[in-house]
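Morning, everyone. Let's take a quick look at one model.

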Amino acid sequence: AAKANPITLATIAPKADEETVTMTNGALDIPITIAEKDAADSNAAFGSVGTYTISVNIYTTESDYFVASFGEGDGADTLTVTAGDAATLTVTQQPTAPASNGAALATQPKVTVKDAYENPVANVTVTETASQNWTLGGTKTATSDASGVATFEGLTATSTAAVTSASITFTATGITGIPSNTFDIPAPKAKPVTTTTDLELTYGETLGSLVNEGAITGFSANASDASGAADVAGTWAITKVGTASADTGAKLDANEYSLTVTFTPTDTTTYDTVTVENVKLTVKPLAIAVKDVTITPQAYDGTNVVKTATVTFKDAADNSDVTLQGATVKVNATFNDKNKGDDKTVTGTVTLEGAKAGNYTLTGDNAKIPEGTKGSITAKEITATVSLACSTDTIAANSILNATVTPTGLVAGDTLAYTY
């Protein structure tokens, strides 16, 4: 009865262990033996991440009475052990030199993070810095994954001159930084000095017509801005219209545009490609003239206004035929009089309407219907209803017949004359 609660303020020791552990105020720190799961040696070294067998059996020192056990089956249970704090960094994939100054490293680095027992540690942020007078571009931090590997991507190397034995230092909180292997950064390429000018097209000309075998009139590239510097061989290209990719076959509407042009040197080892933005392009409307007007014959309607006509156009400069795109034609023309007749003289002008009318100019004499244009007005057919009335109840030799004629289709203002 005296031993009903033997562990209260008692002195307790693990069986077969030399240490004695004292419980104080209900807190107990017990040294235990932990062995790897299924390991033959119950006292095997412990330090690797994994699942382990744990057995805790507590006895009193006074009489070797069994007091308590933790775990299943004779006190046996399992314990999952995770990695400890990050302790070491190892560059497991070394960075290599970029193909050119400012380009991405040919091989992007990888760094492995481990704890003191060589277990991989996840979710550790690794930072890198350039070790010499050059600029490391891209995202300079990476987080280790479940395998402890921090993978860097998109890193670039830029310098104002060639750099030999460049390296990158990798660090993480609480860990001494480690350097990568060295690599060389090639000297930056020379940038040609370019000269551009405003460009101009007429509607109907393609964007590609500005470039002739890689040359653009008024554009040049030189080795330097010094007087008499040699031209740099290469080709020009229009790459963007505004923010959209350039379509060299496009026919732009009459307006002003901002172009991006690119100069690509023939010697790409010595010289760098140059991109020039905000090159002004003005697309002028195409000046056109009325070439021919065909008047559609129309029935008499009491006016001399031309109702329908077909118009063809020509280039006002070279007289070549022009087919309108997206513009509507309006004919403002009259016959020399309103009466029926063939080969009647037609005069007037032509105007353009619609969303694309601004791509053309049609003014002055160019808008006039050509001299000698003829048309015809045909007779308008009408019908007449005739009603007869006799002056007497019966028709006799001296009876008088009265006729009433009612026309249908007669133009307002006109009268019908008839005899009987």
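This is a predicted model: local features need pLDDT of at least 70, side-chain atom pairs count only at pLDDT 80 or more; totals for chains, interfaces and linings use all residues.

Start with Gly-341. It sits in strand 34, which covers residues 341–353. Is Gly-341 buried or exposed? Its relative accessibility is 16%. Buried means under 20%, so Gly-341 counts as buried.

What does Gly-341 touch, once residues up to four places away in sequence are set aside? Three names: Gly-375, Ser-376 and Ile-377. Take Ile-377. In sequence, Gly-341 and Ile-377 are 36 residues apart. In space, their C-alpha atoms are 5.3 Å apart.

Next, Asn-222. This one belongs to strand 24, residues 220–222. Asn-222 has a relative accessible area of 15%. The cut-off for buried is under 20%, so Asn-222 is buried too. And which side chain does the Asn-222 side chain meet in a polar contact? That of Asp-231, at 2.7 Å.

Now the pocket. I mean the second largest one. How much space lies in it? About 170 Å³.

Four residues are nonpolar, four are polar and three are charged.

Over to you for questions.

Key: Residues are numbered from 1 along each chain as its sequence is written. Side-chain values use heavy atoms; hydrogens and water are left out. Helices (H or I, at least four residues) and strands (E, at least two) are DSSP runs, numbered from the N terminus. Buried means under 20% relative accessible area, exposed over 50%, partly exposed in between (1.4 Å probe, protein chains only). Contact means heavy atoms within 4.5 Å. On a 1 Å grid over the protein atoms alone, a cavity is a set of points where a 1.4 Å probe fits but cannot get out, and a pocket is an open set with protein on both sides within 12 Å along at least five of seven lines; lining residues have an atom within 4 Å of a point. Grid points are joined across faces, edges and corners, and a volume is the space filled by probe spheres set on the points. Ala, Val, Leu, Ile, Met, Phe, Trp, Tyr, Cys and Pro count as nonpolar, Asp, Glu, Lys and Arg as charged, and the others, Gly among them, as polar. A polar contact is a pair of N or O atoms within 3.5 Å; within protein, one must be able to donate a hydrogen and the other to accept it, and residues adjacent in sequence count only if both atoms are side-chain atoms.
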